[in-house]
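Open your viewer, and let's take a short walk together.

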Amino acid sequence: MSTYAGLNPLQGFRDPRHVHALARAVQEQAQLFRTKHQHAPRIMEVCGGHTHAIYRYGLQQLVGDSVEFLHGPGCPVCVLPRARIDTAIALAQQADVILATFGDVMRVPGTQQNFFQANAAGADILVVYSALDALRLAQRHPDKRIIFFAIGFETTMPGTALTLRQAQRDNVTNFFVLCHHILIMPALHALLQDKDCMIDGFIGPGHVGAIIGSRVYEPVCRDYGRPLVIAGFRTGGLSLILLMVLQQLNAGRAAIDIQYNRVVQPDGNPRAQAVLQDVFFIAPGQQWRGLGWLDHSGVTLQPAYARFDAEPQADAKRIRPTTTVRCSVIRS
C-alpha cells in the first residue's frame, strides 16, 4: 500500500506539494515498469467520470507520457447504440407520448437524428434530472404517456427501481420505462477476453462500486491477472490510484484495492441491491455502441413490473438468469 494512502482527501489532496509528490512517485513507478516491459504502463479508467476528471484536472499533463491512459467503456451515454436512440425517437413521435431523458443523451446520434433534431421535427422530448421527475410528470399529465428513457450502469439503476416501486404503489397507469440499464462486468470480460487486449491495470468506477461493492471485480484479478483500484474523482485521489496500480504491477501483484473507501465497501450497498433484485433481472444480452452485442450485459423488468415496460417482450423470450444483478458476471 502507498505511503500516501492515509492522506485526508479533503485536505492533503488539495495541497499542491502532495499532488506533485504523488505525480513524481507515479513517474518513478512508471519508469520501473517501462524498464522491465519496454512500454509505458497502459491503465484503463473504466468510468466516464474518471475520463472527465483526468482531462478537467490535467492529470495527463501532470504525469506526462509516463502512463498511457486507455479510456474505458464506463460511460453509459457513449455506449448507447444508434438503434436504441432510434427506438426512443419513434416512441417520442407518437402523439400522446412525452419522452423524458437525461440532458447528456440529447446529442447522442441515432441513425438519422439526435433528440434535439427529433424535437425540432415535432417529437416531444423533455430533459429531467431523475426517474422520479418523470413519474411526477406523468402524474401532472394523465392524458399523456410518459416514457422515461432509463440509461446507466448500476449507479443509476436504484433510482429507476425505486421510481417503479413508487409508480406501482401509486397505481400510475401512464408511466413507462424504456430500459437501457447496463452492467459493468460483462464489458470488462469482453475487453479482457480479447486476444489483443493490452490493458495492464484498471482504475475502477467508484460510484458503481458504491452499489455493487468491490468483490464483484475479483475475476479481473483472479482470472486475468490485472490489478484494479477503485477510485474517487479528485486529482490527488486519481494520482494515488495510479500509484497504487503501478505498485501492484511492479510487485507482480493483481488485487483489488479500495482507495474510495469512504463510499465503497467490499459488499456494496445491500439495500440498493435488494431493490435491484426486486425490480430487474438480467436480460439475454444488450447491444453496446463500439462493443457490439454482449451476453447478459443488460437488465429488463421483472414480471411484477412488466406493465411499465415501454417495449414489452413476450414471456417466452425472457430468460431468468442464474447470476444475480449484484454479481453482474458472465459465467460459462
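**First stop: Val-127**

Select Val-127 and show its surroundings: leaving out residues up to four places away in sequence, Val-127 touches Thr-101, Phe-102, Gly-103 and Met-106. Now pick out Phe-102 as well. Val-127 and Phe-102 are 25 residues apart in sequence, yet their C-alpha atoms are 5.4 Å apart in space. Colour by secondary structure and you will find Val-127 in strand S4, which covers residues 125–127. Is Val-127 buried or partly exposed? Its relative accessibility is 45%, so Val-127 counts as partly exposed, falling between the 20% and 50% cut-offs.

**Step back to the whole chain**

Zoom out for a moment, and keep in mind that this is a predicted model. The protein has 12 helices and 13 strands. Of its 332 residues, 55% are buried. How many of the contacts between residues at least 6 apart in sequence join residues at least 24 apart? The share is 77%.

Next, select Arg-42, which sits in strand S1 (residues 42–47). Is this arginine buried or exposed? Arg-42 has 16% relative accessibility, and it counts as buried because that is under 20%. Show side chains here: the side chain of Arg-42 makes a polar contact with the side chain of His-39, at 3.2 Å. Then widen the selection. Beyond neighbours within four places in sequence, Arg-42 is in contact with Glu-68, Leu-70, Met-198, Ile-199, Asp-200 and Gly-201.

Move on to Arg-84, in helix H4 (residues 82–92). Arg-84 is buried too, with a relative accessible area of 13%.

**A pair of helices**

Now select residues 131–140 and 157–170, which are helices H6 and H7. Two packed helices are described by the angle between their axes and the distance between the axes. For H6 and H7, the angle is about 25° and the axes are 8 Å apart. Since angles under 35 degrees count as roughly parallel, H6 and H7 are therefore roughly parallel to each other. Their crossing is right-handed.

To see who makes the contact, show these side by side:

- From H6: Ala-131, Leu-132, Leu-135 and Gln-139.
- From H7: Gly-159, Thr-160, Thr-163, Gln-166, Ala-167 and Asp-170.

Colour the residues of this contact by type, and they divide into four nonpolar, five polar and one charged.

**Last stop: two loop residues with positive phi**

From H7, go on to the loop between H7 and strand S6 (175–181), where you will find Asn-171. What is the phi of Asn-171? It is near 55°, a positive value in a residue other than glycine.

Finish at Gln-38, in the loop between helix H1 (16–37) and S1. Gln-38 is not a glycine, but its phi is positive, at about 65°. Gln-38 is exposed, with a relative accessible area of 65%.

Conventions
Residues are numbered from 1 along each chain as its sequence is written. This is a predicted model: local features need pLDDT of at least 70, side-chain atom pairs count only at pLDDT 80 or more; totals for chains, interfaces and linings use all residues. Side-chain values use heavy atoms; hydrogens and water are left out. Helices (H or I, at least four residues) and strands (E, at least two) are DSSP runs, numbered from the N terminus. Buried means under 20% relative accessible area, exposed over 50%, partly exposed in between (1.4 Å probe, protein chains only). A polar contact is a pair of N or O atoms within 3.5 Å; within protein, one must be able to donate a hydrogen and the other to accept it, and residues adjacent in sequence count only if both atoms are side-chain atoms. Contact means heavy atoms within 4.5 Å. Axes are lines fitted to C-alpha atoms, for helices over the stretch in contact, and angles run from 0 to 180 degrees between N-to-C directions. Angles under 35 degrees count as roughly parallel, over 145 as roughly antiparallel, 65 to 115 as roughly perpendicular and the rest as oblique. A crossing is left-handed if the near helix is turned anticlockwise from the far one by less than a right angle, and right-handed if clockwise. Ala, Val, Leu, Ile, Met, Phe, Trp, Tyr, Cys and Pro count as nonpolar, Asp, Glu, Lys and Arg as charged, and the others, Gly among them, as polar.
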